[in-house]
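Student: I would like to learn how to read a structure feature by feature. Could we take the features in turn, with the general idea before the case?

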Amino acid sequence: MLAEGLDTLIRALAEDGFQVVGPTIDQQAIVYGEIKATSDLPRGWTDLQEAGTYRLQRREDEAYFGYVVGSHSWKKYLFPPVTLVASADLGENGWRMQTPEPDPVKYAFLGVRACELAAIRIQDQVFLGGPFVDPTYEARRSRAFIVAVNCTQAAPTCFCTSMNTGPRCDSDFDLALTETSSGFLIEIGTDAGQVIAALLPVRPANSTEIDQAEIARQRAADQITRRLDTDGLRDLLMNNLRHPHWEEIAQRCLSCTNCTMVCPTCFCSSVSEVPDLTGEHVDRERHWDSCFNLDFSNMNGSPTRNSISSRYRQWMTHKLATWHDQFGSSGCVGCGRCITWCPVGIDLTREVVALRDTTGNDLSRLSDSNAESAEANR
Amino acid sequence: MTSAITAPRFDPWRTHAVRVARKTPEVPGVFTCDLAIQEATVASTYRFAPGQFNMLYIPGLGEIAISICDDPQSRGSVAHTIRIAGNVTHALSELAVGSTLGLRGPFGVGWPIDEYRGRDLVLVAGGIGLAPLRPLICHLLAHRQEFGEIHLIMGAREPSGLLYSAEYSAWQDGGLNVYPTVDRGDDSWPGHIGMVTAILDRLPLCRPAETVMMSCGPETMMWYAAQIAIDRGVRPESVYVSLERNMNCAIGLCGHCQFGPQFLCKDGPIFSYNRVASIMKVADL
Amino acid sequence: MSNVGRKQPVSIVTVYKGNTAMTMDQPNLLKMLCATRFAEGLSHEHLACLCRAGRLVRLSPNQLLFREGDTEDEVFVISSGHVRLAMNIPGRGDVPFLTAGPGDLVGWSGLISDGRMTATATTVDETTLIALSGKRLQELCNCEKDLGYVLLRRVAQVLSQRLLSTRLQMLDLFEKEQTQKVS
């Protein structure tokens, strides 16, 4: 398919009742928003990322998907930042409680990366895989159409290869695109994808085009240098809950919650009471919350996790260790967002190295290895 | 489409309108609220297991997890013993009989009682921790022949803090050995003074390896009770504790009540000591 | 052992000294001592040695066993029944702080120090105690270091349990820690 075919794809999805959302530029970042036409896409832009750093930069070409990932993830559509979960009305016979019918919105996600497909699989497990199913997530997820786009470049913060989540989109998409200099190679993942693909100006790819796409995808894989050694990681963390390094991280961590907000798998939330002015109608709104918030662990007026070290430990051990116990996989997909968007550049892969190198509470080795790993990551 | 669609399931946010049928003062700062589910079809099918909890909801103020303290066989209303601790419990204490509020539940995993028919049981309760054990006690009294010796050690700060004390003699008559004890006694209190652990220390256990301990109370109390029970030959996997953390959604989707690899609302609040021992003494987990 | 439903006043206290105590032949005393929790970890020979310094004391409810501040020779292992320990605070009277029961050791000052009692002990119900002469036990321990080690080790264990219990009581768990489960 030629690049112009993208507009046909967006139109076809819209005509099928989908609200098409995808990458667009807002406030000097690539975010996910409504896409009406290819002109909304960040054509010719890329993102420079490092720990604590994110900048947009012009590309030398006019690629539509020549960036990595921004601060947004698709969870904002499947698990919205604010959701009405219930409401209550005061009538003659007292309070009556209702739960809303899930919003029948149909999203088509354009530009889902392999790590993001993995994140969606992980949130499927959280919201759909247990004894309780979240109605909002279920409704949105079951209707969603996924157009994946293979990465053709990687950021220094990427480590999907360590988490076995990318960079190649293998499954869980309706359509998958690989962008090359001559257009897009399309793979069809589902029957629904087939139906949409039939409406597009496509022809069978020739071997040169297939090779070109493979080279482009391989380029992304080759660019990934960051590693997270997951070997025995669960036990490493759970056996070191009292390690002094948690306190060392807390000296840097601001407990700002950025890492949890940008993480495509973090799912913590709280429900707030929102009464109207009469007090006779109350909406119960669920909003994203974070284990870094002090009052998140409040129990009878005092927080269980009173220190930043205990909150960072909660986040990291959940993400990389206890997630396995709960959901059968790591909670990390290696997208690197928490590294990029941390205002002080805390990098969980480095913190794991520090913990691994100093297991046994050896304080002298701790400071040495910090210097080493800092060197190694420079 | 790329999804794991399943048949429509029950909506975990569905909240039933309930009416305050009765309010009973218990010990100071604690009261019991009997709630009648308004919708007849829901009321007639509502069942719970001993140890489970409900989310009680006051619109505009919020929800709170309260364990059910009723006899699992009782019908018509569901009793909750509540300690006044925060906004919602305070508002609950001020609700008049006849007021409406919301209830979601039951949630959580109850006491694993069916696994332990034929065994000797030691129940250890502290303060309001007796509330979630009361449905179990009702169940045991109704099925007394199915179990061996049953001991209940109940601790409170002072004699006036002994929850459900009016029922102890009936429980004793029903075949439970009830051992109330208080931290602080006086001359008007003829009973035992000391921690539940002191009684547990010298409790006659005929067959410790066949004995099951179930405890609910302050974590520190449960921890040392577990140590003593295990020292005395009770198997660690037969020791159960009921843990407490902040619960928000009650369905394992909000993250608030996480404790190591568990969500207390969904995987607990009752755990075998085995499962949580390694993390119970990790501060601020 | 349970006090369910019973509310008897405990203000009338009689003193056991002298005539209410009774002696018993050694084999029976040994049998009773062996049956207590205190005997755990002590050999039969050692227990028999202890019994040579002992006698049996049987008391009815509300009898004074010893009084805070007094010097006593005997230490007691409770065989059955309960003893309430209290300390006197001027203006508040006797403040009870612990109920000791079967297997517990009371009056241990006689064994490891000068025998000055740090509490007043009163029986709660029909109580049988094995009274051991502190002086004779100290002599025994001095002569037979092996017995001395084992006995004092056991006493240390018992006291450490008592210390833990006291600490938990002191922590005021039911007041400070909100115990409303799952809320």
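Tutor: Let us begin with the word contact: two residues are in contact if their C-beta atoms, placed from the backbone, lie within 7 Å. Please keep in mind throughout that this is a predicted model.

Student: Leaving aside its neighbours within four places in sequence, which residues is B:A225 in contact with?

Tutor: Once the neighbours within four places in sequence are set aside, the contacts of B:A225 are B:V124, B:V196, B:T197, B:L200 and B:S215.

Student: What is the general idea behind a nonpolar core, and which residues have the most contacts inside the largest one here?

Tutor: In soluble globular proteins, nonpolar side chains tend to be buried together. In this model the largest nonpolar core has 233 residues, and those with the most contacts inside it are A:F109, A:V147, B:A225 and C:L33. The element that gives the most to this core is helix α3 of chain A, residues 114–128, with nine residues.

Student: How should I read the packing of two helices, for instance α4 and α5 of chain C?

Tutor: The general idea is to look at the angle between the axes and at the distance between them, and then at the residues that meet. Helix α4 of chain C (residues 134–143) and helix α5 of chain C (residues 145–170) pack at an angle of about 125 degrees, and their axes are 5 Å apart. That angle makes α4(C) oblique to α5(C). On the α4(C) side, C:L140, C:C141 and C:N142 take part, and they meet C:L147, C:G148, C:L151 and C:L152 in α5(C). The residues of this contact divide into five nonpolar, two polar and no charged.

Student: What does chain C contain as a whole, in helices and strands?

Tutor: Chain C has six helices and nine strands, and buried residues make up 38% of its 183 residues. Of the contacts in chain C with a separation of 6 or more, 75% are between residues 24 or more positions apart.

Student: Is helix α3 of chain B, residues 134–142, largely enclosed or left open by the rest of the structure, and why?

Tutor: The step of reasoning needs a cut-off, since a residue is buried if 20 or more other C-beta atoms lie within 10 Å of its own. Helix α3 of chain B is largely enclosed by the rest of the structure, because seven of its nine residues are buried. These buried residues are B:R134, B:P135, B:L136, B:I137, B:C138, B:H139 and B:L140. Among what covers them are β8 (150–156), α4 (168–173) and β11 (211–216) of chain B.

Student: Which domains are given for chain B, then?

Tutor: The assignment gives domain 1 (16–107) and domain 2 (113–280) in chain B, with 22 Å separating their centres, taken over C-alpha atoms. In chain B, 19 residues of domain 1 are in contact with 20 residues of domain 2. Strands β4 (62–67), β5 (78–83) and β6 (100–107) of chain B each supply at least two residues of the side of domain 1 that touches domain 2.

Student: Where are the cis peptide bonds you would show me?

Tutor: One is the peptide bond from A:G166 to A:P167, with omega near 5 degrees, and A:P167 has its place in the loop between α5 (160–163) and β9 (175–180) of chain A. Another joins B:G105 and B:P106, with omega about 0 degrees, and B:P106 is found in strand β6 of chain B.

Student: Is A:D172 buried or exposed, and what is its phi?

Tutor: Phi of A:D172 is near 65 degrees, a positive value in a residue other than glycine. A:D172 counts as buried because it has 20 C-beta neighbours inside 10 Å.

How values were computed
Residues are numbered from 1 along each chain as its sequence is written. Chains are lettered from A and ligands numbered from 1 in the order in which they are written. This is a predicted model: local features need pLDDT of at least 70, side-chain atom pairs count only at pLDDT 80 or more; totals for chains, interfaces and linings use all residues. A nonpolar core is a set of buried Ala, Val, Leu, Ile, Met, Phe, Trp, Tyr and Cys residues joined through C-beta atoms within 7 Å. A residue is buried if 20 or more other C-beta atoms lie within 10 Å of its own, exposed if 12 or fewer, and partly exposed in between; C-beta atoms are placed from the backbone. Helices (H or I, at least four residues) and strands (E, at least two) are DSSP runs, numbered from the N terminus. Axes are lines fitted to C-alpha atoms, for helices over the stretch in contact, and angles run from 0 to 180 degrees between N-to-C directions. Angles under 35 degrees count as roughly parallel, over 145 as roughly antiparallel, 65 to 115 as roughly perpendicular and the rest as oblique. Ala, Val, Leu, Ile, Met, Phe, Trp, Tyr, Cys and Pro count as nonpolar, Asp, Glu, Lys and Arg as charged, and the others, Gly among them, as polar. Domain bounds come from an automatic or database domain assignment.
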